[in-house]
Amino acid sequence: MRQHRDEISLRTEGRRLTEITRRIAGFTEDSGIANGLLTAFCRHTTASLLIQENADPDVQLDLMDAFARLAPEDADWRHGAEGADDMPGHVKAALAPASLSIPIIDGALALGTWQGVYLAEWRAAGRQRRVLLHAIGE
């Protein structure tokens, strides 16, 4: 059994989905693991990881609109010390996963044809974000 770990660091451009599939696929390739499991973990409380369609960019826009309706900035939030977008960011992160598990088969991520891995930034301004990657297998 082998293990490999690393961390992706990226600067987001504000509230949007940023595709990180290629970076995770590169990590998987570099790991040398042919068959196993990749875990990706977002180290933040106002960002999430999602597997979503990567063919039509309207999917990402519609998802962001849907999350905005679920947790609007103008709701009567108690927590507001870090700005109007902070508490809605926490709610969205509570609804979307902080970690993903993706099988590794024949040295590659076993994603579907139209699936991509995204970091969801829930805050209005861009931020430095980190995603921990861990692969285990043979």
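Select Glu7 and Arg130 to start: their side chains form a salt bridge, with N to O at 3.9 Å. A salt bridge here is a side-chain nitrogen of Lys or Arg within 4 Å of a carboxyl oxygen of Asp or Glu. The two partners come from distant parts of the chain, 123 residues apart: Glu7 sits in strand β1 (residues 2–11) and Arg130 in strand β8 (residues 128–137). Helices (H or I, at least four residues) and strands (E, at least two) are DSSP runs, numbered from the N terminus.

Before going on, note that this is a predicted model, where local features need pLDDT of at least 70, side-chain atom pairs count only at pLDDT 80 or more, and totals for chains, interfaces and linings use all residues. Residues are numbered from 1 along each chain as its sequence is written, and side-chain values use heavy atoms, leaving out hydrogens and water.

Buried means under 20% relative accessible area, exposed means over 50%, and partly exposed lies in between (1.4 Å probe, protein chains only).

How many salt bridges does the structure hold? There are seven.

Select Glu13 and Arg16 next. Their side chains meet in a salt bridge at 2.9 Å, N to O. Glu13 is exposed, at 65% relative accessible area. Arg16 is partly exposed, at 37%.

Now pick Arg123 and Asp85. This salt bridge has N to O at 3.0 Å. Arg123 is in the loop between β7 (115–121) and β8, while Asp85 is in the loop between α2 (57–70) and α3 (86–95); the two are 38 residues apart. Both Arg123 and Asp85 are buried.

**Arg129**

Move to Arg129, in strand β8. Arg129 counts as buried because its relative accessibility is 4%. Which side chains does the side chain of Arg129 reach by polar contact? One is that of His44, at 3.3 Å. Another is that of Glu121, at 2.7 Å. A polar contact is a pair of N or O atoms within 3.5 Å; within protein, one must be able to donate a hydrogen and the other to accept it, and residues adjacent in sequence count only if both atoms are side-chain atoms.

Show the surroundings too. Leaving aside neighbours within four places in sequence, the residues in contact with Arg129 include Ile8, Leu10, Thr46, Leu119 and Arg123. Contact means heavy atoms within 4.5 Å.

**Helix α3**

Select α3. Its buried residues include Asp86, Pro88, Gly89, Lys92 and Ala93. They lie on the same side of α3, because they cover an arc of only 155° around the axis. That arc is taken from the directions from the helix axis to the C-beta atoms. The cover over these buried residues includes β4 (47–53) and α2. Turn to the face away from the buried side: it carries exposed Ala94 and Leu95.

**The sheet**

Finish with the open sheet of five strands, in the order β1-β8-β3-β5-β6, with antiparallel pairing. Two strands pair if DSSP finds at least two bridges between them. Which strands are at the edges? They are β1 and β6 (108–109), each pairing on one side only. Strand β5 (residues 99–105) pairs with β6 over two bridges. Look for Ile105, opposite Ala108 in β6.
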